Amino acid sequence: MKKLFFATLMVVSLLLANLATASEEGQELNTRKGFLIGFGGSGGGEFNELNNGYGGMEFRIGTGINENFLVYVQSDFLMTHDKDADLDTSFADLLIKAQAIFNNGMYAGIGVGFTTIEIDLGDGFNYEEGGWSFNTAIGYEIRIKKSFAISPEVNLTYRGIDGFSFPTVGGTLHLGWYF
């Protein structure tokens with residue numbers, strides 16, 4: 001499942017990069033300085049005793065300080081399911097992130113914030129707890145239209161909740177707009 005997700009992400013990114021080249025010719029792009037908003041789908045794996053795959057989504061809103069530096073709030077939601085243990089786990093993160101964009105469209109970001117976990121066992125047991133999260137990401141921004149960009153991204157998130165560690169590694173296909 002993970003290999004299929006990353007292969008699909010790579011194919012879509014290559015196709016969109018081809019479109020981006022054609023779309024940008026003769027078109028002036030909006031600056032990144034100012035208001036930004038976006039969302040995306042994500043998938044990856046949880047690397048602890050459970051080793052489950054996950055799927056989720058993210059939402060961003062913030063501002064571009066200048067053409068090469070963004071600051072935004074990111075909200076992530078992801079879920080895992082372990083059918084053998086009849087266990088559902090969900091995380092909700094709220095992060096403050098900073099992102100540096102390099103001249104070629106590559107970028108790196110880092111964020112810190114709060115997280116919650118909800119664990120639901122099939123026998124009716126339910127557990128909720130809050131903690132903190134730390135996120136790093138690298139990606140490539142492909143400008144498609146004047147205000148629109150698509151960004152495939154690889155990220156690592158570490159969550160500390162009630163003395164337990166919940167690290168995840170995954171990919172996100174982010175759709176963003178600059179105004």
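A salt bridge is a side-chain nitrogen of Lys or Arg within 4 Å of a carboxyl oxygen of Asp or Glu. This is a predicted model, in which local features need pLDDT of at least 70 and side-chain atom pairs count only at pLDDT 80 or more, while totals for chains, interfaces and linings use all residues. Residues are numbered from 1 along each chain as its sequence is written, and side-chain values use heavy atoms, with hydrogens and water left out.

Q: What is the closest N and O distance in the salt bridge between Glu58 and Arg60?
A: Glu58 and Arg60 are both buried, a term for residues under 20% relative accessible area, with exposed over 50% and partly exposed in between (1.4 Å probe, protein chains only). The closest N and O atoms of the Glu58–Arg60 salt bridge are separated by 3.0 Å.

Q: How many residues apart in sequence are the parts that Glu141 and Arg32 tie together?
A: The side chains of Glu141 and Arg32 form a salt bridge with an N to O distance of 2.6 Å. Helices (H or I, at least four residues) and strands (E, at least two) are DSSP runs, numbered from the N terminus. Glu141 occupies the loop between strand 6 and strand 7, whereas Arg32 is in the loop between helix 1 (2–24) and strand 1, so the parts tied together are apart in sequence by 109 residues.

Q: Is Glu141 buried or exposed, and what is its relative accessible area?
A: Contact means heavy atoms within 4.5 Å. Beyond its neighbours within four places in sequence, Glu141 has contacts that include Arg32, Ile101, Tyr107 and Tyr178. Glu141 is buried, at a relative accessible area of 6%.

Q: Which residues do salt bridges that share partners join into one network?
A: Arg159 and Asp93 form a salt bridge of 2.7 Å, N to O. Arg159 belongs to strand 8 (residues 148–161) and Asp93 to strand 4, so this pair links parts 66 residues apart in sequence. The network joined through shared partners consists of Arg32, Glu67 and Glu141.

Q: What accessible area do the residues of the nonpolar surface patch have together?
A: Patches are made of residues with over 30% relative accessible area and no salt bridge, like charges being joined within 9 Å and nonpolar side chains (Val, Leu, Ile, Met, Phe, Trp, Tyr) within 5 Å. Strand 1, strand 2 (53–66) and strand 4 each supply at least two residues, and one of the patch residues is Phe35, which is partly exposed at 38%. By the Shrake-Rupley method with a 1.4 Å probe, the patch has an accessible area of about 750 Å².

Q: How far apart in space are Gly41 and Leu78, C-alpha to C-alpha?
A: Gly41 is in strand 1 (residues 34–46) and counts as partly exposed at 33% relative accessibility. Gly41 and Leu78 are 37 residues apart in sequence, and their C-alpha to C-alpha distance is 9.6 Å.

Q: What percentage of the 179 residues is buried?
A: The protein has one helix and nine strands. The buried share of its 179 residues is 42%.
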